[in-house]
Amino acid sequence: MVLALLTVSFVSIVCFIISAVMGFMIADRSGISQHFLYGFFTTFMVALAQSMTMFYFIGTGKQVKELVVNHPAGQEFIQRTKRFKARVFPPATWAILFTMATMILGGGVDTRVVPAFVHTILAAVSLYYNLVAFWREAKYMIEHNMLMEELDRLLQAAPSTE
């Protein structure tokens, strides 16, 4: 699951870069439709990757809570999962929001309601947050896997209450 989420996130960043390059290389009106379609696909990929990653951390955090509900060291594990979410969620949320704003305001650039530099600045900010989100997701997914291994060892060592 972790590998799939990170792969989709990485692919969305690659698509974002390709879409940006296409935008800078537009020579005539025919290039705009290609840029739009690729940008639309990229926006979908970013929203999918980031929201699924957030759901991963929500679900695994709930799983940890259920596993350690009666364990004395349980609160420490719960706090660690909360810390993971607190580090991953802000850049992931901003990546989604800025990417969507970039896409939406790109239509305004096409109709000449919004200046092109606004779209360009939003694209740069979006790419930044996508990169930060990817980095943190990779880091905290690895740490979460180590937490789960540690928790597994702890629960196997504990005497059974059945």
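Predicted model: local features only at pLDDT ≥ 70, side-chain atom pairs only at ≥ 80, totals over all residues.
Residues are numbered from 1 along each chain as its sequence is written, and side-chain values use heavy atoms, with hydrogens and water left out.

**Figure 1. The largest nonpolar core.** This core has 16 residues; a nonpolar core is a set of buried Ala, Val, Leu, Ile, Met, Phe, Trp, Tyr and Cys residues joined through side-chain atoms within 4.5 Å. Buried means under 20% relative accessible area, exposed means over 50%, and partly exposed lies in between (1.4 Å probe, protein chains only). Tyr56, Phe57, Val64, Val68, Phe77 and Met141 have the most contacts inside the core. Two or more residues each come from helix H1 (2-24), helix H2 (29-67), helix H3 (74-110) and helix H4 (116-157), and H4 gives the most, with 5 residues. Helices (H or I, at least four residues) are DSSP runs, numbered from the N terminus. In soluble globular proteins, nonpolar side chains tend to be buried together.

**Figure 2. Phenylalanine 77 and leucine 151.** Contact means heavy atoms within 4.5 Å. Not counting residues up to four places away in sequence, phenylalanine 77 touches Val64, Val68, Leu147, Glu150, Leu151 and Leu154. Leucine 151 belongs to helix H4 and is buried, at 1% relative accessibility. Neighbours within four places in sequence aside, leucine 151 is in contact with Val64, Leu67, Val68 and Phe77. Its C-alpha atom is separated by 16 Å from that of tyrosine 140, 11 residues apart along the chain.

**Figure 3. Threonine 53 within helix H2.** Threonine 53 is found in helix H2 and is buried, with a relative accessible area of 0%. The side chain of threonine 53 reaches the backbone oxygen of alanine 49 at 2.7 Å. Beyond residues up to four places away in sequence, threonine 53 touches Leu5, Val88, Glu137 and Met141.

**Figure 4. Helix H1 and its covering.** The 23 residues of H1 should span 33 Å at 1.5 Å a residue, and the end C-alpha atoms are 33 Å apart, which agrees. The expected span of a helix is 1.5 Å times one less than its number of residues. Val2, Leu5, Leu6, Ser9, Ser12, Ile13, Cys15, Phe16 and Ser19 are buried in H1. What covers these buried residues includes H2, H3 and H4.

Figure 5. A salt bridge is a side-chain nitrogen of Lys or Arg within 4 Å of a carboxyl oxygen of Asp or Glu, and the structure holds 4 of them. Arginine 80 counts as buried, at 13% relative accessibility, whereas glutamate 150 is partly exposed, with a relative accessible area of 30%. Glu76, Arg80 and Glu150 are linked in a network of salt bridges.

Figure 6. In helix H2, lysine 62 and glutamate 66 lie 4 residues apart, about one turn of the helix, and their side chains meet in a salt bridge (2.7 Å, N to O). Glutamate 66 is exposed, with a relative accessible area of 52%. In helix H4, glutamate 143 and lysine 139 are also 4 residues apart, separated by about one helical turn. The closest N and O atoms of their salt bridge are 3.7 Å apart. Glutamate 143 is partly exposed at 25% relative accessible area, as is lysine 139 at 38%.

**Figure 7. Helix H3 and the residue that follows.** H3 has 37 residues and reaches 54 Å from its first C-alpha to its last, close to the 54 Å expected at 1.5 Å a residue. The helix bends by about 30 degrees at phenylalanine 89, and proline 90 follows within four residues. The bend at a residue is the angle between axes fitted to the seven residues ending there and the seven starting there. Arginine 112 lies in the loop between H3 and H4 and has a positive phi of about 65 degrees although it is not a glycine. Most residues other than glycine have a negative phi. Arginine 112 counts as exposed, at 69% relative accessibility.

Definitions and conventions: Polar contact = N/O pair within 3.5 Å; in protein donor to acceptor, adjacent residues only side chain to side chain.
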